[in-house]
Amino acid sequence: MLTTRPRGTNDILPGEVEKWQQLEEVLRKVAALYGYKEIRTPVFEHTELFQRGVGETTDIVEKEMYTFTDRGERSLTLRPEATASVVRAFVENKLFALPQPTKLYYIGPMFRYDRPQAGRYRQFHQFDVEVFGSNSPTVDAEVIAMAMDIYEWLGLKGLKVELNSVGCASCRPVHRQALQKHLEAKKDELCPTCQSRFERNPLRILDCKNPPCQELVKEAPTIDQHLCPECKESFEAVQEQLKALGVPFHLNPRLVRGLDYYVQTAFEIVAEGIGAQSSVGGGGRYDGLVEQIGGPALPAIGFALGMERILLAMEQQGLTIGKEASFDVYIAPLGESAQIPSAVLAQRLRKAGLAVERDYLKRSLKAQLKAADRFLVKYTVIMGEEELKNNQVVLRDMHDSSQLVLKLDEVEGYLKQELGKEDKGK
Ligand code: HAM
């Protein structure tokens, strides 16, 4: 146990972490282009927030939350998603009092007690965006276009937008009734989970992965047959705008998202070829949630991208991001009296903005040059005892093995010039 990580979690090691850093860089860049500001909220929240926000009858709340009681007897939960937390922070910090809309983004780990497999983990990472304060279909289309833009920045191809409207509080009950009526006679043939969903949340049956349930809902009425005039109008406007923006989409009237807060626009972005967990992102409109969590009646929409799945899809498509960090210079001290001067030089070069690696093991020159080669540095500063007596060092060009004697206080200027480094603060 001591040497195994918990099931469904990952160590992101050097060599891999560079991909994450570059992915985050792209995400932050695109977020800034679209006018989003970063928000960071706690990793755990009061359990009630997710029960009420995500929905009591969802798989996430019923089966997947990491809930614990703290030493003060409070029930807390590691966040399974970010939307409820961001809404809580939006309300608690009265961000609604600022001029709207508010556009926020979030990058961080989420926790779901799910069955781990490729692309599905118990700790995974999302890039999440939320827009508060507008119910304009322009925002819906822009949010979907932004998600697709991110994939484009990353070079990903062949992704599909699945789009649906899940209706609102006035049309959903009509659909719910029609669905129950359709399934009534064959209720007993549903899987046990769907049987329990029949009364509590029959819409979720549409999303069941069990083949018998899928067969039973094949002919079931879909939401598009019951949308009220407002939902219909808004859905048509979103589609029209997506077409104008050149974002292809595929209408899927059976798309039911796994969270209960959605109204009207709901979407998922699907990547082929990354296995069963093909949804690389998803989101939708959640106009009632801010009010439900104690804020004013403000509309909102957002989406989240699964970062592990994006990296998986990139790997599948042979797209590489992230190169291992390399050093600018290696310092090779030889002998005892070179130790302090080498520490001083390393520090001085780092303060000047150079990435410096050095020997800490008092190895032979040969071993140190081998290490320098491994770090792919262009230069090694060899600090021999004899040269240091004259305040000199040897600078070795690792590419052509040529060497040059420099005064100790010339090293910084020479390297900065050769490596094209700017002075700090310029
Ligand atoms: P979600 O569909 O539950 O939506 O998750 C969004 C994305 O997170 C998924 O499309 C998937 O890429 C990734 N994901 C989910 N579960 C896992 C897992 N166990 N392992 C790896 N990746 C996973 C939400 O979470 C909503 N909060 C999105 C949203 C924001 N809606 C409005 N605003």
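Three strands form an open sheet in the order β2-β4-β3, with antiparallel pairing. Two strands count as paired if DSSP finds at least two bridges between them. Strands (E, at least two residues) and helices (H or I, at least four) are DSSP runs, numbered from the N terminus. The model is predicted: local features need pLDDT of at least 70, side-chain atom pairs count only at pLDDT 80 or more, and totals for chains, interfaces and linings use all residues. Residues are numbered from 1 along each chain as its sequence is written, and side-chain values use heavy atoms, with hydrogens and water left out.

**The sheet and its helix**

- The edge strands are β2 (44-46) and β3 (66-69), each of which pairs on one side only.
- On average, neighbouring strands of this sheet are turned by 35° against each other, direction ignored.
- Axes are lines fitted to C-alpha atoms, for helices over the stretch in contact, and angles run from 0 to 180 degrees between N-to-C directions.
- Strands β3 and β4 (residues 75-78) run antiparallel and are joined by 4 bridges.
- Thr-67 has Thr-77 in β4 as its bridge partner.
- Helix α2 (residues 47-54) lies across β2, β3 and β4, and runs at about 80° to β2.

**A buried glutamine**

- Gln-126 is found in strand β6 (residues 123-132).
- Its relative accessible area is 9%, so Gln-126 is buried.
- Buried means under 20% relative accessible area, exposed means over 50%, and partly exposed lies in between (1.4 Å probe, protein chains only).
- Not counting residues up to four places away in sequence, Gln-126 touches residues including Glu-81, Tyr-106, Arg-112 and Met-307; contact means heavy atoms within 4.5 Å.

**Salt bridges**

- The whole structure holds 26 salt bridges, each a side-chain nitrogen of Lys or Arg within 4 Å of a carboxyl oxygen of Asp or Glu.
- Arg-74 forms one with Asp-70, where the closest N and O atoms are 2.9 Å apart.
- Arg-74 has 44% relative accessibility and so counts as partly exposed.
- Arg-40 forms a salt bridge with Glu-38, again with the closest N and O atoms 2.9 Å apart.
- Arg-40 counts as exposed because its relative accessibility is 65%, while Glu-38, at 30%, is partly exposed.
- The side chains of Arg-285 and Asp-140 meet in a salt bridge of 2.7 Å, N to O.
- This pair links distant parts of the chain, 145 residues apart: Arg-285 is in strand β10 (residues 279-285) and Asp-140 in helix α5 (residues 137-154).
- Both Arg-285 and Asp-140 are buried.
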